[in-house]
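Here's a quick briefing to read alongside the model. Have the sequence and the 3D view open as you go.

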Amino acid sequence: MTDPQQIAELSTQEMWRTDAASQGLGMSVLAVAPGEATVSMTVREDMVNGWGIAHGGFITALADSAFAVACNSRGVVTVAAGIDVTFLAPARLGDVLVATAGERVLNGRNGIYDVDVTRDGEVIATLRGRSRATSRRNPAVTP
(Lines give C-alpha, C1' and ligand atoms only; values in the text may rest on other atoms or scores of the structure.)
Protein backbone atom coordinates (compact mmCIF):
# COMPACT_ATOMS: atom_id res chain seq x y z
CA MET A 1 0.00 0.00 0.00
CA THR A 2 1.55 3.29 -1.07
CA ASP A 3 -1.24 5.86 -1.09
CA PRO A 4 -0.41 8.18 1.86
CA GLN A 5 -4.05 9.25 2.40
CA GLN A 6 -5.25 5.65 2.49
CA ILE A 7 -2.46 4.76 4.94
CA ALA A 8 -3.50 7.70 7.16
CA GLU A 9 -7.15 6.63 7.14
CA LEU A 10 -6.46 2.93 7.79
CA SER A 11 -3.91 3.73 10.52
CA THR A 12 -6.41 6.00 12.26
CA GLN A 13 -9.25 3.49 12.02
CA GLU A 14 -7.08 0.75 13.55
CA MET A 15 -5.71 2.92 16.36
CA TRP A 16 -9.08 4.54 17.14
CA ARG A 17 -10.89 1.17 17.16
CA THR A 18 -9.41 0.31 20.56
CA ASP A 19 -8.81 3.83 21.95
CA ALA A 20 -11.14 3.54 24.94
CA ALA A 21 -9.80 6.75 26.51
CA SER A 22 -10.63 9.05 23.58
CA GLN A 23 -13.92 7.32 22.85
CA GLY A 24 -14.88 7.38 26.53
CA LEU A 25 -14.46 11.16 26.51
CA GLY A 26 -16.80 11.40 23.52
CA MET A 27 -14.14 12.39 21.01
CA SER A 28 -14.63 12.02 17.26
CA VAL A 29 -12.06 12.08 14.48
CA LEU A 30 -13.29 14.63 11.95
CA ALA A 31 -10.42 14.45 9.47
CA VAL A 32 -7.03 12.84 8.94
CA ALA A 33 -4.30 13.24 6.34
CA PRO A 34 -0.59 12.41 6.40
CA GLY A 35 0.80 14.33 9.39
CA GLU A 36 -2.52 16.03 10.15
CA ALA A 37 -5.67 15.37 12.18
CA THR A 38 -8.79 17.09 13.44
CA VAL A 39 -10.61 15.72 16.51
CA SER A 40 -13.63 17.14 18.36
CA MET A 41 -15.13 16.81 21.84
CA THR A 42 -18.07 18.43 23.64
CA VAL A 43 -17.42 19.59 27.21
CA ARG A 44 -19.66 17.49 29.45
CA GLU A 45 -20.79 18.09 33.03
CA ASP A 46 -18.21 15.62 34.35
CA MET A 47 -15.42 17.63 32.64
CA VAL A 48 -16.11 20.90 34.46
CA ASN A 49 -14.01 21.82 37.49
CA GLY A 50 -14.93 23.67 40.67
CA TRP A 51 -14.71 27.05 38.92
CA GLY A 52 -17.30 26.09 36.31
CA ILE A 53 -14.79 25.76 33.48
CA ALA A 54 -13.45 22.75 31.62
CA HIS A 55 -10.67 21.04 33.54
CA GLY A 56 -7.37 21.55 31.72
CA GLY A 57 -6.70 17.83 31.74
CA PHE A 58 -9.64 17.22 29.42
CA ILE A 59 -8.56 19.95 27.02
CA THR A 60 -5.07 18.45 27.08
CA ALA A 61 -6.51 14.98 26.43
CA LEU A 62 -8.32 16.28 23.34
CA ALA A 63 -5.16 17.95 22.02
CA ASP A 64 -3.11 14.83 22.80
CA SER A 65 -5.57 12.62 20.90
CA ALA A 66 -5.33 14.84 17.81
CA PHE A 67 -1.53 14.74 18.17
CA ALA A 68 -1.66 10.94 18.39
CA VAL A 69 -3.78 10.60 15.26
CA ALA A 70 -1.51 12.96 13.32
CA CYS A 71 1.77 11.35 14.34
CA ASN A 72 0.44 7.83 13.71
CA SER A 73 -0.95 8.72 10.28
CA ARG A 74 2.03 7.37 8.35
CA GLY A 75 1.50 3.71 9.30
CA VAL A 76 4.23 3.50 11.93
CA VAL A 77 3.30 3.02 15.59
CA THR A 78 4.39 6.32 17.17
CA VAL A 79 4.28 7.47 20.79
CA ALA A 80 4.54 10.79 22.57
CA ALA A 81 7.98 11.75 23.87
CA GLY A 82 6.66 14.91 25.53
CA ILE A 83 4.09 17.67 25.34
CA ASP A 84 3.80 21.31 26.36
CA VAL A 85 0.37 22.89 26.73
CA THR A 86 -0.62 26.54 26.99
CA PHE A 87 -4.15 27.55 27.99
CA LEU A 88 -5.36 30.84 26.50
CA ALA A 89 -9.09 31.00 27.32
CA PRO A 90 -11.56 28.88 29.30
CA ALA A 91 -14.04 26.39 27.89
CA ARG A 92 -17.41 25.80 29.50
CA LEU A 93 -20.11 23.18 29.75
CA GLY A 94 -21.56 22.41 26.32
CA ASP A 95 -18.72 23.97 24.33
CA VAL A 96 -17.70 21.99 21.26
CA LEU A 97 -13.91 21.95 21.12
CA VAL A 98 -11.96 21.14 17.98
CA ALA A 99 -8.30 20.16 18.05
CA THR A 100 -6.35 20.52 14.81
CA ALA A 101 -2.90 18.92 14.71
CA GLY A 102 -0.20 19.47 12.12
CA GLU A 103 3.24 18.05 11.63
CA ARG A 104 5.97 20.68 11.79
CA VAL A 105 9.10 18.52 11.59
CA LEU A 106 9.66 14.85 10.85
CA ASN A 107 13.31 13.85 11.08
CA GLY A 108 14.00 10.13 11.18
CA ARG A 109 12.06 8.67 14.11
CA ASN A 110 11.46 12.09 15.75
CA GLY A 111 8.61 14.47 15.05
CA ILE A 112 7.24 17.78 16.26
CA TYR A 113 3.53 18.55 16.01
CA ASP A 114 1.53 21.66 16.86
CA VAL A 115 -2.10 21.44 17.94
CA ASP A 116 -4.60 24.28 18.27
CA VAL A 117 -7.74 23.70 20.32
CA THR A 118 -10.54 26.02 19.25
CA ARG A 119 -14.03 26.94 20.38
CA ASP A 120 -16.12 28.61 17.69
CA GLY A 121 -12.92 29.39 15.79
CA GLU A 122 -11.14 31.01 18.77
CA VAL A 123 -7.90 29.33 19.87
CA ILE A 124 -8.29 28.48 23.56
CA ALA A 125 -5.22 26.24 23.97
CA THR A 126 -2.13 25.12 22.10
CA LEU A 127 -0.04 21.99 22.46
CA ARG A 128 3.38 21.20 21.07
CA GLY A 129 4.01 17.49 20.94
CA ARG A 130 7.25 15.62 20.43
CA SER A 131 6.88 12.13 19.00
CA ARG A 132 9.08 9.07 18.64
CA ALA A 133 8.35 6.37 16.07
CA THR A 134 8.77 2.76 17.17
CA SER A 135 9.99 -0.07 14.98
CA ARG A 136 6.42 -1.43 14.65
CA ARG A 137 4.11 -0.89 11.70
CA ASN A 138 0.39 -0.38 12.23
CA PRO A 139 -1.14 -3.81 11.52
CA ALA A 140 -3.83 -2.27 9.30
CA VAL A 141 -1.21 -1.17 6.77
CA THR A 142 1.30 -4.02 7.08
CA PRO A 143 1.30 -6.25 3.99
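A polar atom of the serine 73 side chain sits 2.7 Å from the backbone nitrogen of glycine 35. This is a predicted model, where local features need pLDDT of at least 70, side-chain atom pairs count only at pLDDT 80 or more, and totals for chains, interfaces and linings use all residues. Numbering runs from 1 along each chain as its sequence is written, and side-chain values use heavy atoms, leaving out hydrogens and water.

**Serine 73**
- You'll find serine 73 in the loop between α3 and β3 (76–87); helices (H or I, at least four residues) and strands (E, at least two) are DSSP runs, numbered from the N terminus.
- Serine 73 is buried, at 1% relative accessible area (buried means under 20%, with a 1.4 Å probe and protein chains only).
- Setting aside neighbours within four places in sequence, serine 73 is in contact with residues including Pro4, Ser11, Val32 and Gly35 (contact means heavy atoms within 4.5 Å).

**Helix α3**
- α3 has 16 residues and spans 22 Å from first C-alpha to last, close to the 22 Å expected at 1.5 Å a residue (1.5 Å times one less than the number of residues).
- Buried residues in α3 include Ile59, Leu62, Phe67 and Cys71.

**α1 against α3**
- Helix α1 (residues 4–17) and helix α3 (residues 56–71) pack at about 135°, axes 9 Å apart (axes are lines fitted to C-alpha atoms over the stretch in contact; angles run from 0 to 180 degrees between N-to-C directions).
- Thr12, Met15 and Trp16 in α1 meet Ser65, Ala68 and Val69 in α3.

Terms used
Buried means under 20% relative accessible area, exposed over 50%, partly exposed in between (1.4 Å probe, protein chains only). A polar contact is a pair of N or O atoms within 3.5 Å; within protein, one must be able to donate a hydrogen and the other to accept it, and residues adjacent in sequence count only if both atoms are side-chain atoms.
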